[in-house]
Amino acid sequence: MMKPLPKFDHYGLGYPEQFLISMFGTFFYVVSFLSAGSCLMKYTKLSQCQSYKVSSLIVSSLQATMASVAALIVIFSCYDDILRHQHPLINLYTAFSMPYFAYDVWSMYYYYEQPGTFSHKLCGFLKTNGLMIAHHLFIASTGVLVILNWRHGIGDVIVAFFFFHEFSTPFVCVRNILSILKMKDTTTYSVNGILMILAFFYLSNCCLSLHVLPL
């Protein structure tokens with residue numbers, strides 16, 4: 001017989017907790033981006049735009065790695081019920097990563113190069129990155145609201161599988177970094193490409209396994 005759905009989220013976060021964790025996430029992403037960009041400008045021959053673009057990719061890789069690790073912890077902690085199993089890490093990491101999407105838009109604008117006035121640069125940025133901005137705004141608003149406030153503790157493991165979609169992102173970021181460093185003809189670039197393809201296949205198999213886990 002199917003178990004009754006829980007009426008309360010045992011690991012829910014109140015709005016003050018969500019705010020504090022999100023502020024810490026904002027600080028973490030912004031400081032990591034500015035620190036890495038500053039170090040790259042100081043110790044490499046990359047231009048300012050290239051340095052902060054690489055810095056943005058490093059932070060994206062870091063965020064994707066943390067999301068994947070959090071997802072694996074939640075998935076492997078579930079043994080019998082993917083719908084009703086609850087884990088505190090889902091809400092904690094969602095609140096922490098919520099500002100990432102706003103940060104990512106800001107970081108892209110930070111290193112965006114467009115001659116002319118502020119309005120010309122802003123219009124050019126919105127035109128070039130409009131789809132990405134819309135995606136980030138949707139995830140940061142609707143997606144996060146659903147995970148933190150509207151699920152009532154249902155489907156933590158399913159949310160973890162969505163987090164695990166970030167598993168291949170570090171390989172994509174490394175590919176872009178190597179391209180900026182003009183290392184497309186190196187063995188490192190080729191090996192990373194193979195790992196990226198394997199990561200996509202592994203991710204697909206993990207997502208398919210969701211259908212065979214017990215509800």
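**Questions on a predicted helical model**

Colleague: In which helix is the place of Ser-56?

Modeller: This is a predicted model, in which local features need pLDDT of at least 70 and side-chain atom pairs count only at pLDDT 80 or more, while totals for chains, interfaces and linings use all residues. Residues are numbered from 1 along each chain as its sequence is written, and side-chain values use heavy atoms, with hydrogens and water left out. Helices (DSSP runs of H or I, at least four residues) and strands (runs of E, at least two) are numbered from the N terminus, and on that count Ser-56 sits in helix H2.

Colleague: Is Ser-56 buried or exposed?

Modeller: Buried means under 20% relative accessible area and exposed over 50%, with partly exposed in between (1.4 Å probe, protein chains only). Since the relative accessible area of Ser-56 is 4%, this residue counts as buried.

Colleague: Which residues is Ser-56 in contact with, leaving aside its neighbours within four places in sequence?

Modeller: Contact here means heavy atoms within 4.5 Å. Ser-56 and Ile-177 lie 121 residues apart in sequence, yet their C-alpha atoms are 9.9 Å apart in space. With its neighbours within four places set aside, the contacts of Ser-56 are Phe-33, Tyr-103, Asp-104, Ser-107 and Tyr-111.

Colleague: How many helices and strands does the secondary structure of the chain come to?

Modeller: Read from the N terminus on, the elements run α-α-α-α-α-α-α-α. The secondary structure therefore comes to 8 helices and 0 strands.

Colleague: Why is H3 described as largely enclosed by the rest of the structure?

Modeller: The buried residues of H3 are Ile-90, Asn-91, Tyr-93, Thr-94, Ala-95, Phe-96 and Ser-97, and what covers them includes helix H1 (15–43), H2, H4, H5 and H6. H3 is described as largely enclosed because the buried part of the helix amounts to 7 of its 10 residues.

Colleague: How far apart are the C-alpha atoms of Leu-20 and Ala-95?

Modeller: Leu-20 belongs to helix H1 and, at 60% relative accessibility, counts as exposed, whereas Ala-95 is one of the buried residues of H3. Although Leu-20 and Ala-95 are 75 residues apart along the chain, their C-alpha atoms are separated by 8.7 Å.

Colleague: How many disulfides does a search of the whole structure find?

Modeller: Cys-49 counts as buried at 19% relative accessibility, and Cys-173 counts as buried at 5%. With a disulfide taken as a pair of cysteine sulfur atoms within 2.5 Å, the number found in the whole structure is 0.

Colleague: What is the phi of Lys-182?

Modeller: Lys-182 lies in the loop between H7 and helix H8 (187–209) and, at 74% relative accessibility, counts as exposed. Most residues other than glycine have a negative phi. Lys-182, although not a glycine, has a positive phi of about 60 degrees.
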